[in-house]
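I opened this entry to keep track of what I looked up.

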Amino acid sequence: MKYTFFLSLWLLGACGGVTKQEKVASASQVKSTAVDIDYLKVGDEITNTSQAALLKEISWALSKKGNEGAVGHCNLKAVALVDSLSDANQCEIRRVSDKYRNPNDKAQNTVETKALQIFLEKHSKQEALKPFTLQEGENTYYFKPIMLGMETCLSCHGIPQQDIQPATLNTIRRLYPNDLAVGYKLKDFRGMWVVKW
Ligand code: HEC
């Protein structure tokens, strides 16, 4: 009887010890996972998925509502998936451009300005643009170029009157009086995806 009592105490003590060790181990695992996140890979996945969803939204709107009616749909807010992606990955997802239509899409800090400059400079030298990451204090940023890759983009970002129909242009100018995002040609650098953790 006594023997069983002491044995139980010893077992309890041993288990307590193991639990503590496990706690320490899992805490350091969490820490090392946070450090080991492959931001380039996760950023690629997030922006590929967002871009596909946005393209689907734009094509749907163009076919159902025409160019003018689709103007509001080249917008991350029109794509619920982007919201859930940023929740799930605890990150911010934006598009940033030097020639922005929505003033919220201008570079908002020195890291974004620097990334835009890197892409613009490489593009002017006709170098290939690849995604990259930058660390700024506690934050990690992922950047990916957005090229003007499809004819459809020109109907709202191309040359006014020539590519952009007058009614569409009027709507754009009414909604975005200081619009800079026109005059693009195919294969131009249009801006970048930014994912910030
Ligand atoms: C039907 C019109 C329309 C089409 C087609 C369109 N866009 Fe847009 N685009 C807009 C509008 C309007 C905004 C501003 C959205 C906002 O307020 O967030 C915008 C914003 C953007 C932005 C964010 C930067 C900025 O200027 O504010 C990028 C990048 C962009 N478009 C790229 C493209 C690309 C690439 C395509 C082709 C796949 C495309 N757009 C097709 C209307 C369009």
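This is a predicted model: local features need pLDDT of at least 70, side-chain atom pairs count only at pLDDT 80 or more; totals for chains, interfaces and linings use all residues.

**Fold overview**

Along the sequence I noted the order α-α-α-β-α-β-β-α-α-β. I then checked burial: 21% of the 197 residues in the protein chain are buried. I also looked at contacts between residues at least 6 apart in sequence, and 66% of them join residues at least 24 apart.

**Around the ligand**

Which residues come nearest to the ligand? I found Cys74, Asn102, Asp105, Cys153 and Cys156, out of 24 residues around the ligand. I then sorted this shell by element. Two or more residues come from each of α2 (39-69), α5 (151-157) and β4 (189-196). The top contributor is α5, with five residues. By class I logged 12 nonpolar, eight polar and four charged residues in the shell.

**The nonpolar core**

Next I went to the largest nonpolar core, which holds 27 residues. Ile93, Phe143, Cys156, Met192, Val194 and Val195 touch the most other members. At least two core residues each come from α2, β1 (92-96), α4 (110-124), β3 (139-147), α5 and β4. I marked β4 as giving the most to this core, with five residues.

Leaving out residues up to four places away in sequence, Ile93 touches Ile46, Ser50, Leu76, Val82, Leu85, Ser86 and Val195. As background, I wrote down that nonpolar side chains tend to be buried together in soluble globular proteins.

**Helix α4**

I checked the length of α4. At 1.5 Å a residue, its 15 residues should span 21 Å, and the end C-alpha atoms are 21 Å apart, so the two agree.

Which residues of α4 are buried? I listed Glu112, Ala115, Leu116 and Phe119. Viewed down the axis of α4, these buried residues fall within an arc of 100°, so they line one face of the helix. I then turned to the face pointing away from the buried side, where the exposed residues are Thr110, Gln117, Glu121 and Ser124. What covers the buried residues of α4 includes β1, β2 (132-136), β3 and β4.

My last stop was just after α4. There Gln126 takes a positive phi of about 60°.

How values were computed: Residues are numbered from 1 along each chain as its sequence is written. Helices (H or I, at least four residues) and strands (E, at least two) are DSSP runs, numbered from the N terminus. A residue is buried if 20 or more other C-beta atoms lie within 10 Å of its own, exposed if 12 or fewer, and partly exposed in between; C-beta atoms are placed from the backbone. Two residues are in contact if their C-beta atoms, placed from the backbone, lie within 7 Å. A residue is near a molecule or strand if its C-beta atom, placed from the backbone, lies within 6 Å of it. Ala, Val, Leu, Ile, Met, Phe, Trp, Tyr, Cys and Pro count as nonpolar, Asp, Glu, Lys and Arg as charged, and the others, Gly among them, as polar. A nonpolar core is a set of buried Ala, Val, Leu, Ile, Met, Phe, Trp, Tyr and Cys residues joined through C-beta atoms within 7 Å. The expected span of a helix is 1.5 Å times one less than its number of residues. The arc is that of the directions from the helix axis to the C-beta atoms.
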